[in-house]
Amino acid sequence: MVSKQSASRAKQSNAKKSPAKQPQQKKTTAKKHPFIAALVKVILIGLLIIIIPWVGIPLTLSVIFNITEQSQSKGVQEQMVQSLQERYHEEFIVEKPKLKGASIDTRGVWEATAYPTKNKEYAITVEKGDSEDSKPYDNYITIVWSKAATKQIQPMVQNHSVGAVHVRATPDDKAYSTAQPTPDSYLDFYNNRPQDLKYYIYISYNGEQKDMRAVAEEAFHLVTLARERGMGDMMIDYTETHGDGEKWGRYCSEEDLLSLNNIHACLSHKVRDTR
């Protein structure tokens, strides 16, 4: 038999080996006050009421506008093709038109690039107002004539420091119906009907030009040759590209081309070109 003392010592020994159990702490979760939760909901709903009209409605209108534009584009493209073929009696490739300058309350202008199939070097622009009664118009004659006039003027350039000389040639409005998109048609106007020809000369230089008198002399020389042909509607568009890439220039109207001194005065007031 185990004595009472031995049993008592055994209980004490076991008590030392087993640490006392700590009382478990109850986990508590902080709960929001009902008034605060309701206030948060009211604020969120208010924000949605404000944001949805400002974002949702414009977004919806934009989607509708784009869908309408896409559906109209094909019809406009067909009208442009038909207009070019009827006007010039040849085949054209017309790229997909894009509507420019339009908004919810403003009509825009449809614009597309087109090429005559027989000569794709002529990239022309076709435009049409965004209305049922608007007819397409193009710059086919101007593109062909300008290329012929630019080629023609090159031997006349005297100052070899000139970067480039281009000519924009187009028939006067009253004579447009008799013009054709061919170099021969341009030469016919140049030789026989110069008074019905608009002749705009574009002169460009590489680098800043200090001697504007020399620039003016070259411009006056080209203007004089054109005037001797009998042209009246003329202008000079001068540009120089500086080393930093900035462009400076000056537009000289018909009144500025009456004399060398007038051209010099005009070109000397060149300004930074922001176009």
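Biologist: At what angle do helix α5 and helix α6 pack?

Modeller: A word on the source: this is a predicted model, where local features need pLDDT of at least 70, side-chain atom pairs count only at pLDDT 80 or more, and totals for chains, interfaces and linings use all residues. Residues are numbered from 1 along each chain as its sequence is written, and side-chain values use heavy atoms, leaving out hydrogens and water. Helices (H or I, at least four residues) and strands (E, at least two) are DSSP runs numbered from the N terminus, and axes are lines fitted to C-alpha atoms, for helices over the stretch in contact, with angles from 0 to 180 degrees between N-to-C directions. With axes 9 Å apart, α5 (residues 212–229) and α6 (residues 260–268) pack at about 125 degrees.

Biologist: Is α5 parallel, antiparallel, perpendicular or oblique to α6?

Modeller: Angles under 35 degrees count as roughly parallel, over 145 as roughly antiparallel, 65 to 115 as roughly perpendicular and the rest as oblique. The angle here is about 125 degrees. Therefore α5 is oblique to α6.

Biologist: How do the residues of the contact of α5 with α6 divide?

Modeller: Contact means heavy atoms within 4.5 Å; Phe220 and Val223 are among the α5 residues that meet α6, whose side includes Leu260 and His264. Ala, Val, Leu, Ile, Met, Phe, Trp, Tyr, Cys and Pro count as nonpolar, Asp, Glu, Lys and Arg as charged, and the others, Gly among them, as polar. The contact residues divide into nine nonpolar, three polar and two charged.

Biologist: Is His89 buried or exposed?

Modeller: His89 sits in the loop between α2 (34–88) and β1 (92–94), and its phi is near 55 degrees, a positive value in a residue other than glycine. Buried means under 20% relative accessible area, exposed over 50%, and partly exposed in between (1.4 Å probe, protein chains only). Because its relative accessibility is 70%, His89 counts as exposed.
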